[in-house]
Structure formats: structure tokens, C-alpha cells
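Dear colleague,

Please find below the structure that I am handing over to you. My notes on what was found in it follow directly after.

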Amino acid sequence: MNKLISEQSLDEQVANLPKEMSPKRDLWQGIEKAIAVSPQLSSEKKQLQKKAPIVPMAWAASVVAAVLLTWFSFSPQLSIAPSNINLASVMKKDFEQQKQLMLTSFGQPELQQLSKEMQQQLEELSSARSAIDKALENDPDNSELLNLLRWTQKQELELIKQLYSPQWQTI
Amino acid sequence: MDKSQVIDAKERFIADHESELVARAQQGDQQAFHQLYEIYHRRMFALCWRMLADKDSAEDVCQEVFVQLWQKIHNFRGESKFATWLHSVATNTVLGHLRKQKNWLQRIFSIEDQTVVEASVELVDDSLSNALDMKIQQLPERARLVFVLFAVEGYRHEEIAKMLNMAVGSSKSQYHRAKSLLRESLGEQFA
């Protein structure tokens, strides 16, 4: 049986928790940069505008996941005549070019420098995209899957743009 | 002058000058705001770190706290202590961050706390010297948030329930859950 420390001992340890901790990097430089461009009185409106894209991003990601889940669970096997042009591979190629171009414009940032949550979000979008790619291999002309792929690609690009655009969080 | 006297002197200095610094910051004085930052950023970082259990995110959110503070400082009317008001700004900023960053797949598939426990074990920050802090970091997210807000930050369960959008009873049960987990894990450590 596991040993427990007493409630009193826990309370004492809580009371003795350090009230302060020091961040490893200098946070002030980023704050200074941010407040220089965000005046106090009109700031709330600006802040709302700045943050607005996050909400659609969450919705978009949720819808992609929901559609994917539904698709893989309930979709009938469709048989559509294959076309000569593989639109999915064209879209994939175009997406990779756009992504590279965007990463180049941000100075080829290291993904490892992002927070774990951000890395996870990117990985999840990327794996959602891979799942759609895989589904398209079996059903390359499925317009719903193609739309989903286009949408997921767009979300991934927008997320990359958002991650690297804020200047004040990264010093 | 020993360390405790230095700390006392520092606290007296903060108390004497705080309202003046706040008033100057409300007028747009960045130097005064910088001084407020110097006084409070370690406390705010500790709060962010304990709630988020991730140092990198805590640093980013701590910056966001002070940007929010700059933008909202004119709302401070002196009805409560500045430190109390600042803590509520910080807590709301952290919770807002958590809502935004919450793993969307987790929402869709309703992956429960157990997974969070397993994941968080891997993220333990070995630079932490305080055993309790290390164990707090390993708590499931909701239990950790409730524990930090109630036991460390001194919020009431009614306030926590509102902040976390849960029933008061849930806040209490998460707190007891956190305490049991902590008593057990600290017991194992010292066994």
C-alpha cells in the first residue's frame, strides 16, 4: 500500500512554496516592444482584432477532425471514374511550395523552438492532412476529400503564419 | 543587513511606491510600468508556470500578462490591492491561453485526464528544486488548476468554478483529488 504524507505536512509544504520564480529569458524586451505599439486606451479593440483569427482556427481544426471522423466511420465506398489529372498531387505540390516559401520568409525557423502545444497543433494538422492524402489515394477524385485537403492545407499555412508573425513573443 | 531584512526593506519600498508607480503607468509612463514589471514578474511567472506546467508557455504567457496589464491598467481603480488585481489579470490570461491552445483533437474525442497525467509525466521540469512543485506539475490539468488557484492563489471554490466553468462541487472534488494525488506521490518520494 502506498504511503501518504499527512494533510498537515502537505499544507506546510504549500505554505512554503516559493512565491517567485525566475524565467530563463529576459521577458521585458518583448513586452517593451509590444507595448510600444499598443497604446493603452485603444488597446482592447486592437487586442480583440489580433486574437480573432485564433477562434476560426480552432473551429476550422475542429470541423476538419469531425468531418474526418465521420468520413472514415460512415462513408460508403464511392466509385467515381478516375480522371487523367491527379488533382490531389497537384494540390500537395502547390501546398509544399507555399509552405516552403512561407517558412523561408520567416527565416526557416526551427519548429523545436515553438512551445510543445504549438508543435503538437502543427503535428496534428499535419497528420490530419496525411490522413486525407491517404484517403485520396484510394479515391483521388472525391470532391469532398479534395475540399477537406485544401481546407486543412490552408489552416496549416495560417497557423504557421500566426506562430511566426507575433514579434513580441519571440525575442 | 541579512537577507530577511533586505526582503522586508524591499517590500516596504514596494508598498510605498506602488500606488505612485501604478498612477504613472496609467498615464502611459513606460518607466514606471517597467518598475512594476520588475516587482511582479517573478510572481506572475510562478503563477503562469504552476498553472501551465510548461516553462516555455509560461514565459510567453507571462509576457502576455504584462501586455494585457499595460492595456488594462487604466481599469484599475484601487478598489482592491494592486497585487490582487494583477493576479486576477494573470489568472484570466492563463485560462484564456489554455482555452485557445487546448488540443482540438482532445476536444473532439474527449480524451480524459488519464492521458493528460501520462503526457505530463514526460514533461516534468528537472530544473525544479521544490518537490511539491514537481508533483503539482504532474497533476491532471483540471486538478492542477483547481489546486493552484485554491491552495496557492487563495481563490474560493465559487470563484474557481466560475473561472473554470465548472460546478462548485466539481472544483471541490478536483481539489480533494489533487490533494490525494499529491499526498500519495510525495509519500512515495519520501518512503
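**Findings**

A:Ser126 counts as partly exposed, because it has 13 C-beta neighbours inside 10 Å. This residue is found in helix α6 of chain A. Please bear in mind that the model is a predicted one. The C-alpha atoms of A:Ser126 and A:Glu156 are separated by 7.3 Å, although the two residues stand 30 residues apart along the chain.

Helix α6 of chain A covers residues 116–138. The buried residues of α6(A) are A:Gln121, A:Leu125, A:Ala128, A:Arg129, A:Ile132, A:Ala135 and A:Leu136.

A:Gly107 and A:Tyr164 are 57 residues apart in sequence, while their C-alpha atoms are 9.8 Å apart in space. A:Gly107 is located in the loop between α5 (87–105) and α6 of chain A. Is A:Gly107 buried or exposed? It counts as exposed, because it has 8 C-beta neighbours inside 10 Å.

**The two chains in outline**

Chain A contains seven helices and zero strands, and from the N terminus its elements run α-α-α-α-α-α-α. It has 171 residues, of which 18% are buried. Among the contacts in chain A with a separation of 6 or more, 81% are accounted for by residues 24 or more positions apart.

Chain B has ten helices and zero strands, in the pattern α-α-α-α-α-α-α-α-α-α along the sequence. Of its 191 residues, 35% count as buried. For contacts in chain B between residues at least 6 apart in sequence, 57% join residues at least 24 apart.

**Helix α3 of chain B and its partners**

Two packed helices are described by the angle between their axes and the distance between the axes. I use this description for two contacts of α3(B), one with a helix of chain B and one with a helix of chain A.

Helix α3 of chain B comprises residues 55–72. Its 18 residues should span 26 Å at 1.5 Å a residue, and its end C-alpha atoms are 25 Å apart, which agrees. The helix is mostly covered, with 16 of its 18 residues buried.

The partner within chain B is helix α2, residues 30–52. The axes of α2(B) and α3(B) come within 8 Å and cross at roughly 135 degrees. The two helices are therefore oblique to each other, and their crossing is right-handed. On the side of α2(B), the contact involves B:Phe33, B:Tyr37, B:His41, B:Met44, B:Phe45, B:Cys48, B:Trp49 and B:Leu52. On the side of α3(B), these meet B:Lys55, B:Ser57, B:Ala58, B:Val61, B:Cys62, B:Val65, B:Phe66 and B:Trp70. The residues of this contact divide into 13 nonpolar, two polar and one charged.

The partner from chain A is helix α2, residues 28–36. α2(A) and α3(B) pack at an angle of about 35 degrees, with their axes 9 Å apart, and this crossing is right-handed. α2(A) contributes A:Gly30, A:Ile31, A:Ala34 and A:Ile35, and α3(B) contributes B:Gln63, B:Phe66, B:Val67 and B:Trp70. The residues of the contact divide into six nonpolar, two polar and no charged.

Most residues other than glycine have a negative phi.

B:Ala53 has a positive phi of about 55 degrees although it is not a glycine. B:Ala53 lies in the loop between α2 and α3 of chain B, and it counts as buried because it has 22 C-beta neighbours inside 10 Å.

B:Asn165, which is not a glycine either, has a positive phi of about 55 degrees. Where does B:Asn165 lie? B:Asn165 lies in the loop between α9 (157–163) and α10 (168–190) of chain B. With 9 other C-beta atoms within 10 Å, B:Asn165 is exposed, whereas B:Ala53 is buried.

Yours sincerely

Definitions and conventions:
Residues are numbered from 1 along each chain as its sequence is written. Chains are lettered from A and ligands numbered from 1 in the order in which they are written. This is a predicted model: local features need pLDDT of at least 70, side-chain atom pairs count only at pLDDT 80 or more; totals for chains, interfaces and linings use all residues. Helices (H or I, at least four residues) and strands (E, at least two) are DSSP runs, numbered from the N terminus. The expected span of a helix is 1.5 Å times one less than its number of residues. A residue is buried if 20 or more other C-beta atoms lie within 10 Å of its own, exposed if 12 or fewer, and partly exposed in between; C-beta atoms are placed from the backbone. Axes are lines fitted to C-alpha atoms, for helices over the stretch in contact, and angles run from 0 to 180 degrees between N-to-C directions. Angles under 35 degrees count as roughly parallel, over 145 as roughly antiparallel, 65 to 115 as roughly perpendicular and the rest as oblique. A crossing is left-handed if the near helix is turned anticlockwise from the far one by less than a right angle, and right-handed if clockwise. Two residues are in contact if their C-beta atoms, placed from the backbone, lie within 7 Å. Ala, Val, Leu, Ile, Met, Phe, Trp, Tyr, Cys and Pro count as nonpolar, Asp, Glu, Lys and Arg as charged, and the others, Gly among them, as polar.
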